[in-house]
Amino acid sequence: MKRRTLLAGAAVAPFAARPVFAQAAKPKIVFWHAMSGALGEEVNRICTGFNASQAEVEVTPVFKGTYPETLTAAIAAFRAGQAPHLVQMFEVGTGSMLAAGPAVKQIWQLSQETGVVIEPNAYIGGVRGYYSLSDGRLASCPFNSSTSVMWYNLDAFEKAGLDPDKPPRTWNEVVDACRILQAKKAIEVPMTSAWFAWVQLEQYAAMHDIPFATKANGFEGLETELKFNTAPFVKHLSRILDMAKEGTFKYAGRDGAPEPLFNSGTAAISFTSSAARAAIAREAKFKWAAAFLPTDPDINPQPNNSIIGGASLWCMNAPGRTPAEYKGVASLLKFIASPEVDAQWHQNTGYVPVTTAGYELSIKQGYYQKVPGTDLPIKQLSRGRVTENSKGFRLGRMPELRNIVYEEVEKAIQGQQGAQAALDSAVSRGNRILREFEKSVRG
Amino acid sequence: MLPVALVLPQLLLTFFFFLWPAGQAVWASFTRQDPFGIRTQFVGFENFTDLFEDPLYVESMGRTVVFSGSVTVVAMLVALCLALFADREIRGRNIYRTLLIWPYAVAPAISAVLWILLLHPQIGAFSHVLRMLGIGWDYKINSTQAMLVVVLASAWKQVSYNFIFFLAGLQSIPRSVIEAARMDGARGWRRLRTITLPLLAPTTFFLLIVNFVYSAFDTFGTIQALTQGGPGKATETLMVKVYRDGVVNLNLGSSSAQSVVLMVAIIALTVVQSRFLNRKNAE
């Protein structure tokens with residue numbers, strides 16, 4: 001009997017609750033994000049700030065897991081007609097989201113429909129380019145952007161007799177430094193690299209102004225083909241393979257897996273996101289610093305900008321969504337891009353500021369004097385001239401492409417194949433994926 | 001009417017949680033879709049022909065057979081040995097048995113974490129010992145070691161299950177037969193080979209199928225947590241590939257086709273098993 005009453009109560013509850021919602025009458029905005037831990041708290045803080053700043057809508061941030069999990073969840077929700085209003089999507093998902101047609105409302109369109117002006121030029125060039133259409137209209141809103149940098153262990157450098165104030169700037173210098181670190185037994189592992197595909201191929205392509213794929217890395221059309229098996233890439237990968245053989249480089253897994261190697265003081269040089277700063281500051285029991293990514297001057301004496309990583313915010317469509325809700329989304333995006341919010345987000349998280357005003361405000365607040373080195377990623381992102389090779393990537397199913405790179409590199413590290421064979425194989429497998437993607441979105 | 005009403009909940013469950021999703025997978029395996037499901041084309045058997053023309057898929061099939069075979073052999077041998085010992089009259093037998101059943105209750109992800117703590121190239125306790133012995137242990141960049149790790153971790157989880165069945169099987173062997181053999185002077189190994197193992201055959205065959213099915217279809221959690229199918233594709237079994245292509249790469253057509261292939265395989269295995277057991281029972 002008791003169970004029956006409970007069930008009846010459960011059945012009635014939604015109906016009983018409805019009038020309460022109707023009374024509140026504030027449209028609710030659902031914002032799915034992939035920021036865990038301290039970063040998630042920052043997102044919550046921004047949303048609370050937004051809710052307090054206006055009375056029209058109420059935004060609810062929801063943590064949905066990792067980036068790929070958030071993407072999968074958003075897709076499943078869209079298919080069920082339950083897409084969130086706003087979703088945070090990692091940069092390599094941009095190609096897929098652009099092909100999502102009616103599932104998303106691109107920012108320029110949102111801005112046009114709601115009358116809330118979201119000015120593309122307010123965003124920093126290197127960040128904006130990744131998320132814009134070829135004519136400069138914004139497809140999604142930049143949110144958390146980082147770039148990769150070289151982190152190095154000052155204590156290990158000192159121990160090896162290297163000048164801690166002069167980090168290696170070219171790849172040749174990196175190789176030399178690693179050999180010295182090894183010879184002087186200054187540390188267990190001279191060098192490692194997180195996000196191998198992003199740092200060693202994608203960033204390398206951008207900074208050296210060499211095409212990663214045809215059609216301006218995919219910005220000019222779906223018929224793009226991968227190009228990262230050309231001489232400069234092969235040379236770079238064989239250098240790393242050689243270093244692995246002589247023991248100066250250690251491959252320690254995919255994505256962020258190698259990061260603990262540096263943070264624990266096992267590796268002297270590590271390549272990873274600039275947003276790793278918070279974790280390093282918390283965990284490292286040694287002196288450390290960040291430096292520009294090394295380059296090869298014989299390929300490009302004037303290195304270009306590096307590209308970003310991170311994620312942007314996409315406005316999604318669902319049946320029965322009202323103009324008021326879209327307006328709420330637009331004002332939330334505008335709020336996030338305001339200088340105070342952007343500057344605080346940047347300073348609290350280690351991501352770069354995404355707006356020029358946010359950057360200038362941080363300068364005015366004296367943040368870069370207070371915490372030296374935090375503007376290094378920004379300098380690297382805005383270095384040189386943005387070319388079609390350094391604008392970013394617009395390739396479909398790019399997470400899969402990165403996995404293919406990992407697999408082929410892992411085979412090469414084990415000595416099962418050489419650098420040329422690894423990259424050839426990655427390119428031909430990757431091209432198949434791109435053709436598949438092309439077919440699936442052409443319909 | 002009453003029988004129908006009584007079976008109805010089970011039928012509904014089967015329909016909603018098996019037939020419907022399976023039907024969806026079969027349908028999706030004949031289509032090409034973009035992830036958002038905006039454009040869906042019917043492509044006939046293209047997903048299937050693509051699969052079997054893909055050398056990587058064929059490799060993955062071979063790898064799954066090797067992996068499942070190894071897990072089955074390791075898990076069953078270890079369980080058999082333990083069961084043989086536990087079947088004896090020893091002190092604290094019940095504690096011993098209970099402890100051996102424990103791992104079965106451990107969730108795959110948790111068991112994987114335990115193995116990571118033991119075997120992680122940098123922080124693992126066991127790998128520290130291996131390094132001191134001069135063995136270059138790093139399953140993240142060594143295919144053979146990676147395979148070894150996933151086989152061990154998967155087999156470990158299955159040992160308990162096999163142990164219970166072997167022990168029950170051993171206990172159902174009539175004591176009189178064993179006593180008779182003993183009186184005829186058959187010693188340990190001979191008794192095992194000529195009496196115990198033949199009488200255990202039905203159990204062994206049942207476990208063989210169950211273990212193979214377990215290791216082919218139910219080890220995804222362990223592998224995903226330990227190696228994610230790497231290094232290279234060294235530990236990417238068919239199940240890992242279904243997940244990778246469907247959930248991560250959002251290639252729903254191909255992933256569904258792979259699921260359908262697996263479904264056919266599992267149906268075939270089940271038919272073999274029930275045929276065999278029926279024949280046994282009929283004898």
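A residue is called buried if 20 or more other C-beta atoms lie within 10 Å of its own, exposed if 12 or fewer, and partly exposed in between, with C-beta atoms placed from the backbone. I start there because A:W195 counts as buried, with 23 C-beta neighbours inside 10 Å.

Some housekeeping. This is a predicted model, where local features need pLDDT of at least 70, side-chain atom pairs count only at pLDDT 80 or more, and totals for chains, interfaces and linings use all residues. Residues are numbered from 1 along each chain as its sequence is written, and chains are lettered from A and ligands numbered from 1 in the order in which they are written.

On confidence, the model scores ipTM 0.79 and pTM 0.85. For chain B the mean pLDDT (the predictor's confidence in each residue, from 0 to 100) is 89, and 99% of the residues of chain B reach 70 or more. Helices here are DSSP runs of H or I with at least four residues, strands are runs of E with at least two, and both are numbered from the N terminus. Within chain B, confidence is highest in helix 3 (residues 55–86), at a mean of 94, and lowest in helix 4 (residues 93–101), at 82.

Back to A:W195. This residue has a positive phi of about 45 degrees and is not a glycine. It sits in the loop between strand 6 (189–193) and helix 9 (196–207) of chain A. As background, most residues other than glycine have a negative phi, and most peptide bonds are trans.

Helix 9 of chain A comes next. Just after helix 9 of chain A, A:D209 takes a positive phi of about 55 degrees.

A further positive phi, near 45 degrees, belongs to A:D255, also a residue other than glycine. A:D255 lies in the loop between strand 7 (249–250) and helix 12 (259–263) of chain A. With 17 other C-beta atoms within 10 Å, A:D255 is partly exposed.

Now the domains of chain A. The bounds come from an automatic or database domain assignment, which gives domain 1 (20–145 + 308–370) and domain 2 (147–307 + 395–442). Their centres, taken over C-alpha atoms, are separated by 29 Å. Two residues are in contact if their C-beta atoms, placed from the backbone, lie within 7 Å. On that basis 14 residues of domain 1 of chain A are in contact with 20 residues of domain 2 of chain A. On the side of domain 1 that touches domain 2, helix 4 (94–98) and strand 10 (308–316) of chain A are the elements that give two or more residues.

A nonpolar core is a set of buried Ala, Val, Leu, Ile, Met, Phe, Trp, Tyr and Cys residues joined through C-beta atoms within 7 Å. The largest such core has 138 residues, and A:A268, A:M316 and A:V329 have the most contacts inside it. This core draws at least three residues from each of domain 1 and domain 2 of chain A. A second, separate core of 30 residues includes B:A79, B:V150, B:V151 and B:V242.

Of the 283 residues in chain B, 33% are buried. Contacts in chain B with a separation of 6 or more are, for 68% of them, between residues 24 or more positions apart. A cis peptide bond joins B:G230 and B:P231, with omega about -5 degrees. B:P231 is found in the loop between helix 10 (220–226) and helix 11 of chain B.

Last, the interface. How many residues does each chain bring to the contact? Chain A brings 31 residues and chain B brings 23. On the chain B side, strand 1 (31–33) and helix 11 (238–248) each supply at least two residues.
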